[in-house]
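I opened this notebook page to record what I looked up in one structure.

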Amino acid sequence: MTDSHCHLDRCADPEAAVDPGLVAMVTVGTDVERSRLAIAAARAHPNVYAAVGVHPNDASRAADAATRAAITDLAGDPLVVAIGETGFDRYWDDESPEAQRFAFDWQLGLARALGKPLVLHVRDKQGREEAALAAAAAIAGGGYGNGVLHCFSGHPELLAAGLAAGWYVSFAGNLTYKSAADIRAAAARVPVERLLVETDSPYLSPMPLRGKPNSPANVRLTAAALADVLGADPEALERQLDANAERCFGFAAARAARGRSDPEPPPPAAPSGTEA
Ligand SMILES: [Zn+2]
C-alpha cells in the first residue's frame, strides 16, 4: 500500500508516523525548511520519498528568488519524486490569486524541466468553485502531462481537465465521509490506472477515525472504502494503486539512487583463529 501524500513533519511524532508496512509514503514539503525535512525523512527511511515546493497558502514566498533557488536545488535530489504542493486555495484566502498563479507557473516549469510530477492542491469555500476553475484552466493551459490532483474534492471540470492532461487523481480520507457522495461519484469516473490514495496526514483522518490526528497507516481505510465504491477486489485494487504510484512517481529511480548512496560494505573480517 502506498500513501501518495502526507506531511510527516507535521505529525506529532514523525518517526512513529512512518509505517514500515507501507510500500511507499510521499512526504510533502510546503516551504524551503519543510522541503529539507521531507528529504531528510526520505534519507532516513527506505520507504519514504519526498516532494518539495511552496504551498499555495505560502505562495508569495515564491516571489523571492532565493526561495526559488533553494527549492530548485532541493528538487534535483534523487529522493525527490514530485514538485509541490502548489495550487489554488480560496478557502483560507491567505495569498492572492496572482501570487498562487505565479507560484504554480514556476513550479510547473520546474516539474517539466526535471520530468517529475506536479502535486496540485485545490480548495474552495463550501459551495464555491473559484479555485477549482482556476486550477482547471491552469492545467489545460500548462500542457504538462504529469501531475496529481491531490485530495481530490470531486469538481467535475477540474476532473475533466486533469484526466485530459493525463494526470493522476488522489483520494484522501474525506472519500469515506457520509456527506462525500460527490467525491465517491468522481472516484468511480476515474480510470483505474489513474487512481491514487493518500492520507494528507496529520489531517483528514478517514472514518472511523475522523477528528483524530491522521497517520500514513490509515491509508488502508481509504483504499478499502475506494474498493467498496468501485466494487473492486481490495487486494487487486491495492496492487493497482501501488503500480499507479510507482509509475507516477518513478520510485524505481529513487530506489536505485538509494543503493548508490549506501556506504560501502565493510571488508570481511580477517579470521582471528582464536574463536571456534
Ligand atoms: Zn498536503
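The entries below go through the sheet, its pairings and then the core.

Entry 1, the model. I noted at the outset that this is a predicted model.

Entry 2, the sheet. I looked up the strand order and found an open sheet of eight strands, arranged E1-E2-E3-E4-E5-E6-E7-E8 with parallel pairing. At its edges I found strand E1 (2-6) and strand E8 (195-197), each of which pairs on one side only. From one strand to the next, the twist averages 30°. I recalled that strands of a sheet pair through backbone hydrogen bonds, either parallel or antiparallel.

Entry 3, strand E1. I asked how many of the residues of E1 are buried. Five of its five residues are buried, and E1 is thus mostly covered. E1 runs parallel to strand E2 (residues 24-28), and three bridges join the two. Among the residues concerned, I noted Asp-3, whose bridge partner in E2 is Met-25.

I then checked strand E4 (residues 80-89) against strand E5 (residues 118-123) and found parallel pairing over five bridges. Phe-88 has Val-122 in E5 as its bridge partner.

Which residues of the largest nonpolar core touch the most other members? Of its 80 residues, they are Tyr-49, Ala-50, Ala-51 and Ala-135. Helix H5 (residues 130-142) gives the most to this core, contributing seven residues.

Leaving aside residues up to four places away in sequence, I listed the contacts of Ala-50, which include Thr-27, Gly-29, Ala-38, Ile-39, Leu-79, Val-80 and Val-81.

Methods. Residues are numbered from 1 along each chain as its sequence is written. This is a predicted model: local features need pLDDT of at least 70, side-chain atom pairs count only at pLDDT 80 or more; totals for chains, interfaces and linings use all residues. Two strands pair if DSSP finds at least two bridges between them. Helices (H or I, at least four residues) and strands (E, at least two) are DSSP runs, numbered from the N terminus. Axes are lines fitted to C-alpha atoms, for helices over the stretch in contact, and angles run from 0 to 180 degrees between N-to-C directions. A residue is buried if 20 or more other C-beta atoms lie within 10 Å of its own, exposed if 12 or fewer, and partly exposed in between; C-beta atoms are placed from the backbone. A nonpolar core is a set of buried Ala, Val, Leu, Ile, Met, Phe, Trp, Tyr and Cys residues joined through C-beta atoms within 7 Å. Two residues are in contact if their C-beta atoms, placed from the backbone, lie within 7 Å.
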